[in-house]
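Here is a short note to read alongside the model. Please keep the sequence and the structure in view as you go through the points.

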Amino acid sequence: MNWDLKEVSKDIRCDVLSSIAHVGVGHLGGSLSIVDVLTVLYFEAMKVNPQDPHMPGRDRFVCSKGHAGPAVYATLSRRGFFDRERLFVLNDGGAGMPSHCDMHIPGVDMTAGSLGQGFSCAVGMALGSRLEDDGATVYALLGDGESQEGQIWESAMFAASKKLDNLIAFTDYNKLQSDGTVAQINDLAPLGAKWAAFGWNVIDVASGNDVDEISAAVRQAKANRGSGKPTMVILNTVKGCGVQWIMDLGVASHSCNINEEQLKAAIAVIKGV
Amino acid sequence: MEMRAVYAACLAEMMEKDPHVVVLDADLSGSHGTKKLYERFPNQAFNCGIAEQNMACVAAGLSTYGFKPWIESFTPFTTRRICDQIAISVCYADQNVKIVGSDPGITAQLNGGTHMSMEDIGVLRSIPNIVIVEPADTVQLRAAMEALDAYEHPAYLRLFRKELPVLFDENTYKFDLFKVDTMREGSDLTIFVSGFMTKDALDAAEILSKEGISCEVVNVHTIKPIDREGVIRAARKTGAVLDLDNHNVIGGLHSAVLEVLAAEKIPCSVVGVQDRFGEVGKLPYLREVMGMRLEDIVEAARKAVSLK
């Protein structure tokens, strides 16, 4: 099925906002910045089966920046892995929907939240896929702040050393973290050169919230299979993308409040009504 | 035969039988006797280099793919160094990862204080969803590894690497992962022990028997989940307890036993590491400075009985 990715991404954005608004507070900025890559992955690139979330040979996705769970859940529910109603018990006690990614939720391939770990798990999956020879591609999404964790670079070295060219990673390079800008706190630049130096193919996407650019980058990354190198796609994104007042919050968008009124206004803008 | 030789042989058998059993190293395969597995099973042995955090999570990722990874290194590097990876990616995510820590407690000897983990059991015991096993000899080690292979959840194997006296009869030994092994019946004092000190417990019991003190020696190979029923039954039988703990007396076997016996009015003593770091030296020296020699155990046993 061919989806209108731009329209799908709008629906997912609205669901992310609605789901977090149910709680009243959450990781809005870093959830909204990755909606477009999630859209491209789940509605175009990935071989998955919502009716059989554990289908052997499926492609895998690990959201290593586990706090963006609301974006992953909204995407999975849109794709048909579970009912949309489930988005509205986010962080409710006993509901089994923690906002940090949890693999007990249909379609979530790995639990994540302690930064740096999900990426290593994805590397393990890529190794597993190669050993099983199931032809799957393993995708991982890293935060830029998360990339300050030493474990990320342990994994980067290992994946290149083991020639895991069935692994495609993304960096959500929105350049903001909880306490300030990435440049101020502990700069990652030059990020692409770092990954290249670690033995990875690197693709830089100037507009990391543009589904067409992301789609082209994923096709290019997939074509790298056989190169003997994993691929890092650096997505230059905007934290809070799609909602002006959240983008305007800058650093404060990492975790912020949203009320019903703000939600309605944001949805109206996204839907263009 | 050295414990590591049996460990490696047992791993090899499991890998031969099941291509999903894999071993991961952090540049210490040579120390664990597993180096030869790399040639024999090139698709089941992976050296992660000196990067234990990545190793633990790669193992978790492999487990999500149906593999059964065993990760190994010296005790401090597979426990305290990667505590969070074990807690979240292995235990919280309930992945079938077997964690092997070798040279526990004072047995790190010449590697000294930096390589001595006196807290590994305490650290891991406070994480839910992990089984902790410390074998006392090669027979128990083999039985434990087979049981852990069949147990498809997180587990920690605390492994003494060198040679140990064989205490169990391989022809008759029946291992139950979740039950203690009573190795000697007694009526005056119950000694709880795991790992290499098990031989000391038996030797102490023999010495004490000549003084008219009858010791029950109970091997607690599985420290978590501890066999509550077995511990309580053995403690009540004699009315006095001595724990032998190659670990800080805070958090290890002794603590586990105390937690079980908290409601019992039974005096509990301990021979173990008294909340201090390790230091370099050979085992006789370390036993002496830590108060963990056979004579220390015998003396502690006499005192323990007098507390009744």
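**Notes on chains A and B**

1. Start inside a sheet of chain A. A:Tyr139 stands opposite A:Ile168 in E4(A). One more such pair is A:Val138, which faces A:Leu167 of E4(A). Both belong to a parallel pairing: strand E3 (residues 138-143) of chain A is joined to strand E4 (residues 167-173) of chain A by six bridges. Bear in mind that this is a predicted model.

2. How does the chain get from E3(A) to E4(A)? The path goes through H6(A), and this β-α-β crossover is right-handed.

3. Is E4(A) mostly covered or mostly uncovered? Mostly covered: seven of its seven residues are buried. A:Leu167, A:Ala169, A:Thr171 and A:Tyr173 point one way from E4(A). A:Ile168, A:Phe170 and A:Asp172 point the other way. Residues on both sides are buried. The general rule is that side chains in a regular strand alternate between the two faces of the sheet.

4. E4(A) also pairs with E8(A). That pairing is in the parallel sense, over six bridges. Within it, A:Asp172 has A:Leu235 in E8(A) as its bridge partner.

5. Now take the whole sheet. It is open, has five strands, and runs in the order E2-E3-E4-E8-E7 (chain A), with parallel pairing. Why do strand E2 (60-63) and strand E7 (201-205) of chain A each have one side without a neighbour in the sheet? They stand at the edges and have a single partner strand each, so one side is left without a neighbour. From one strand to the next, the twist averages 20 degrees. In general, strands of a sheet pair through backbone hydrogen bonds, either parallel or antiparallel.

6. E7(A) has a covered face made of A:Asn201, A:Ile203 and A:Val205. Its uncovered face holds A:Val202 and A:Asp204. Five bridges join E7(A) to strand E8 (residues 231-236) of chain A, and the two run parallel. A:Asp204, from the uncovered face, has A:Ile234 as its bridge partner in E8(A). Between the two strands comes a helix: E7(A), helix H9 (residues 211-222) of chain A and E8(A) make a right-handed β-α-β unit.

7. Helix H4 (residues 69-79) of chain A deserves a check. It is mostly covered, with eleven of its eleven residues buried. Among them are A:Tyr73, A:Arg78 and A:Arg79. What do the buried residues of H4(A) pack against? The list is helix H1 (5-23), strand E1 (25-26), helix H2 (28-32), helix H3 (35-45) and E2 of chain A. After H4(A) comes A:Gly80, whose phi is positive, near 100 degrees.

8. Next, the contact between the chains. On chain A, 22 residues are in contact with 20 residues of chain B. Helix H5 (117-132) and helix H6 (150-161) of chain A each supply at least two residues of the chain A side. H5(A) gives the most, with twelve residues. The residues on this side of chain A divide into nine nonpolar, ten polar and three charged. Note that H6(A) is also the helix of the crossover from E3(A) to E4(A).

9. Chain B is assigned two domains: domain 1 (3-159) and domain 2 (181-306). Their C-alpha centres lie 26 Å apart. The contact takes 25 residues from domain 1 of chain B and 29 residues from domain 2 of chain B. On the domain 1 side, helix H7 (120-125), strand E5 (131-133) and helix H8 (138-150) of chain B give two or more residues each. That side divides into 14 nonpolar, seven polar and four charged residues.

10. Last, one residue of chain B. B:Trp70 is found in strand E3 (residues 68-74) of chain B. Why does B:Trp70 count as buried? Because B:Trp70 has 26 C-beta neighbours inside 10 Å, and 20 or more are enough for that label. Leaving out residues up to four places away in sequence, B:Trp70 touches B:Leu11, B:Val23, B:Lys98 and B:Val100. The C-alpha atoms of B:Trp70 and B:Asn96 are separated by 9.0 Å, although the two are 26 residues apart along the chain.

Notes
Residues numbered from 1 in each chain as written. Chains lettered and ligands numbered in written order. Predicted model: local features only at pLDDT ≥ 70, side-chain atom pairs only at ≥ 80, totals over all residues. Contact = placed C-beta atoms within 7 Å. Helix = DSSP H or I, 4+ residues; strand = E, 2+ residues; numbered from the N terminus. Nonpolar A, V, L, I, M, F, W, Y, C, P; charged D, E, K, R; others polar. Pairing = 2+ DSSP bridges. Axes fitted to C-alpha atoms, helices over the stretch in contact; angles between N-to-C directions. Buried ≥ 20, exposed ≤ 12 C-beta atoms within 10 Å, placed from the backbone. Right-handed = clockwise from strand over helix to strand, strands pointing away. Domains from an automatic or database assignment.
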